[in-house]
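Dear colleague,

Please find below the structure that I am handing over to you.

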Amino acid sequence: MKKIVLVIGGIILLISCTKKTEENTWVEAPKKETMASQIAKLKADGYEIFDYVDEATGDTVIMQQYFMAFLKSGPNRDQSEEEATKLQEAHMAHLGRMYEEGYADISGPFGDDGELRGITVYNVPTLAMADSLANIDPMVQAGRLIIEIKPWWAGKGYPLR
């Protein structure tokens with residue numbers, strides 16, 4: 001009886017570690033990335049990081065440097081309504097592309113009509129890269145917005161709440 005239970009347990013374990021493809025072949029399920037491999041990859045890619053152990057949970061937390069771009073009102077805001085609309089559409093397409101390509105993790109406007117218009121958090125290894133990406137925004141190129149970028153640290157993989 002013990003042999004049967006062990007064999008069935010082994011089969012269940014094997015099935016849980018693989019999945020069947022459309023071609024009826026078995027492939028291994030992807031392995032979870034280890035903390036050490038995540039740290040090594042981030043360092044190899046040029047990111048500034050440090051890690052610490054959270055005393056409450058015992059979990060290792062990787063802190064990564066991101067770059068927060070503050071979008072401010074620029075000196076050239078006298079475009080026609082039609083031109084401003086086209087620039088806004090191009091601006092939104094730029095931000096969408098930054099997100100899709102993995103360069104930016106979050107973007108959004110502020111809720112008032114002040115000088116500080118919005119933010120974008122760039123997930124790139126250097127300030128120079130964040131600055132370059134922010135400055136190809138059509139609104140920035142048209143002078144409708146200007147950019148100020150600050151380094152910002154956050155726990156890797158933590159969602160907004």
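This is a predicted model: local features need pLDDT of at least 70, side-chain atom pairs count only at pLDDT 80 or more; totals for chains, interfaces and linings use all residues.

**Salt bridges and overall layout**

Asp45 is partly exposed, with a relative accessible area of 38%; here buried means under 20% relative accessible area, exposed over 50%, and partly exposed in between (1.4 Å probe, protein chains only). Its partner in a salt bridge is Lys41, with 2.7 Å from N to O. Lys41 is likewise counted as partly exposed, at 48% relative accessibility. A salt bridge is taken as a side-chain nitrogen of Lys or Arg within 4 Å of a carboxyl oxygen of Asp or Glu.

Residues are numbered from 1 along each chain as its sequence is written, and side-chain values use heavy atoms, with hydrogens and water left out.

The structure holds six salt bridges. Another of them joins the side chains of Glu148 and Lys72, at 2.3 Å from N to O. Because Glu148 lies in strand 7 (residues 145-155) and Lys72 in strand 4 (residues 60-73), this pair ties together parts that are 76 residues apart in sequence. Both residues are partly exposed: Glu148 has a relative accessibility of 28%, and Lys72 has a relative accessible area of 27%.

Asp113 and Arg117 also form a salt bridge, their closest N and O atoms being 2.8 Å apart. Asp113 counts as exposed, at 68% relative accessibility, whereas Arg117 is partly exposed at 24%.

As for the overall layout, the protein contains five helices and seven strands. Helices (H or I, at least four residues) and strands (E, at least two) are DSSP runs, numbered from the N terminus. From that end, the order of the elements is α-β-β-α-β-β-α-β-β-α-α-β.

Of the 161 residues in the protein, 27% are buried. The accessible surface comes to about 11300 Å², and carbon and sulfur atoms account for 58% of this area; accessible areas come from the Shrake-Rupley method with a 1.4 Å probe, and for residues only the protein chains shown count as cover. Among contacts (heavy atoms within 4.5 Å) with a separation of 6 or more, 61% are between residues 24 or more positions apart.

Yours sincerely
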